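Here are my notes on the model you sent.

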Amino acid sequence: MPAASRSNRHLGVAAEPTSPPGDDELLQRVARGDDAAFGALYDSLGSSVYGLARRVIRDPARAEEVAQEVFLQVWQTAARFDPARGRAKSWVLTLAHRRAVDAVRRDQSATNRERTYDWTPGPDHDVVDETVSLRLEHEQVRRCMEGLTELQHEAITLAYFQGYTYAETAEVLGANTSTIKTRMRDGLVRLRDCMGVES
Amino acid sequence: MTTDIHHLLAPYVLDALEPDERNVFEAHLAQCELCRSELGGFAETASRIGGAQAETPPPELRDRLMAMAATTPQERPVVTAMAQRSRLRRALPRIAVAAAAVVAAVSIAGFVNEHQKADDLRAERDEMVAVLTSSDAAMSVDASTGGASVRVISSPSHDAAVVVGTSLRALRSDQVYQLWTVHDGRTTSAGVMGRGPGMMLVDGIKGVDALAVTVEPKGGSKTPTSDPILSASI
Ligand SMILES: [Zn+2]
């Protein structure tokens with residue numbers, strides 16, 4: 001008996017290494033109503049979506065609500081995902097960011113949002129359960145962000161993490177709007193090239 | 001605005017546009033090869049910045065979502081999305097360019113106020129853009145006394161129209177503009193437009209002969225209580 005089970009185990013290892021399906025494949029399965037794929041996609045992207053929402057919205061309860069809305073939207077509209085136009089992760093995070101920004105603007109419009117600089121360095125990465133490759137990707141993002149000029153960095157950070165419009169960003173930074181649009185653009189170009197993203 | 005609209009790509013990708021600018025830019029994106037060619041790389045870049053903020057969500061969230069998915073219907077596959085896009089791109093008529101310019105000129109602040117929910121707004125926005133850029137979009141304009149005008153961009157294939165009132169004067173706080181469809185001499189409310197310039201989507205234009213705008217008491221009326229200040233045939 002022990003021998004048999006050992007050989008079974010051995011066979012299992014020797015067999016074709018079945019790599020788990022990637023996000024793109026999972027999202028396409030979600031579009032076909034596959035709940036298990038939805039769970040697996042959540043396990044893969046849940047921390048990115050929630051972390052981004054937290055960074056933009058700050059309030060944990062509100063961020064959780066937004067993350068829930070995002071995944072529900074993913075469930076409902078998965079059929080719109082077109083792998084030819086980008087990665088599933090990019091698609092989901094684009095939805096998440098827009099929802100987070102809409103939420104923070106909606107919440108803050110009532111209380112006349114305070115325009116204070118707030119360069120919190122981000123969540124505590126020690127507590128984040130990341131795979132090594134993810135950690136490397138995050139490391140790369142941080143390194144590339146450091147390679148921006150100060151104005152590029154501020155323009156992108158205020159817009160992306162604070163949910164400021166470019167006009168608000170310009171006002172806060174005391175620059176004119178066309179300068180800010182340009183800094184956002186050349187900042188994105190620099191980041192894109194630094195991260196090795198295909199243009 | 002249109003001269004440097006390409007410059008809105010980076011702010012668009014960072015979600016740093018006001019809602020009305022976002023509409024305008026998305027209409028632009030549908031017709032601008034240059035911006036579309038850069039969109040993918042920029043969007044991927046932005047999402048990597050976003051992805052680097054990962055933080056473990058509360059464990060209950062997963063259970064809640066799985067339970068919700070089990071009871072939530074899904075959208076059916078959008079087979080025509082890409083085909084529609086490319087057809088649109090090829091055939092994008094001058095009308096769409098004109099319509100995009102109209103959208104650009106309009107503040108939709110009033111519209112936003114009446115639709116607190118961003119989702120509703122986005123769905124309507126998407127349909128508006130679809131109407132404005134449809135290949136069979138046709139525009140009619142009606143000017144009235146005082147120089148106010150509405151433009152109606154209608155699309156039979158979408159069975160919908162977008163009504164744009166750029167020059168409507170601001171009303172007192174106890175009044176609103178209300179839109180009506182006229183159909184075999186019968187007048188039906190198509191909704192309250194707000195107190196100033198704005199735009200509005202009208203669903204179901206089949207058989208509708210004309211649209212009319214009246215000034216009504218706040219909240220709107222069941223039937224028009226005054227003569228139309230504007231009307232436009234479809
Ligand atoms: Zn362009």
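1. Surface. Chain B has an accessible surface of about 10900 Å². Carbon and sulfur atoms supply 54% of that surface. Keep in mind that this is a predicted model.

2. Burial and fold. Chain B has 234 residues, and 50% of them count as buried. Its secondary structure consists of eight helices and eight strands. Among contacts in chain B with a separation of 6 or more, 58% join residues 24 or more positions apart.

3. Main core. Nonpolar side chains tend to be buried together in soluble globular proteins. Here the largest nonpolar core holds 76 residues. The residues with the most contacts inside this core are A:Leu27, A:Met184, B:Phe25 and B:Ile49. Helix H3 of chain A, residues 35-57, gives the most to this core: eleven residues.

4. Second core. A separate core of 17 residues also exists. B:Val150, B:Leu168, B:Ile205 and B:Val215 are among its members.

5. Around B:Phe25. Which residues does B:Phe25 touch, leaving aside those up to four places away in sequence? They are B:Ile5, B:Leu8, B:Leu9, B:Tyr12, B:Leu17 and B:Cys35.

6. Annotated segment. UniProt, in an unreviewed entry, places the feature "domain: Putative zinc-finger" at residues 4-36 of chain B. In the model, residues 4-36 of chain B are 61% helix and 0% strand. The end C-alpha atoms of this segment are 15 Å apart.

Key
Residues numbered from 1 in each chain as written. Chains lettered and ligands numbered in written order. Predicted model: local features only at pLDDT ≥ 70, side-chain atom pairs only at ≥ 80, totals over all residues. Heavy atoms only, no water. Helix = DSSP H or I, 4+ residues; strand = E, 2+ residues; numbered from the N terminus. Buried < 20%, exposed > 50% of the residue type's maximum accessible area, 1.4 Å probe, protein only. Contact = heavy atoms within 4.5 Å. Areas by Shrake-Rupley, 256 points an atom, 1.4 Å probe, with all protein chains shown as cover. Core = buried A, V, L, I, M, F, W, Y, C linked by side-chain atoms within 4.5 Å. UniProt positions renumbered as here; feature names shortened; annotations may be inferred.
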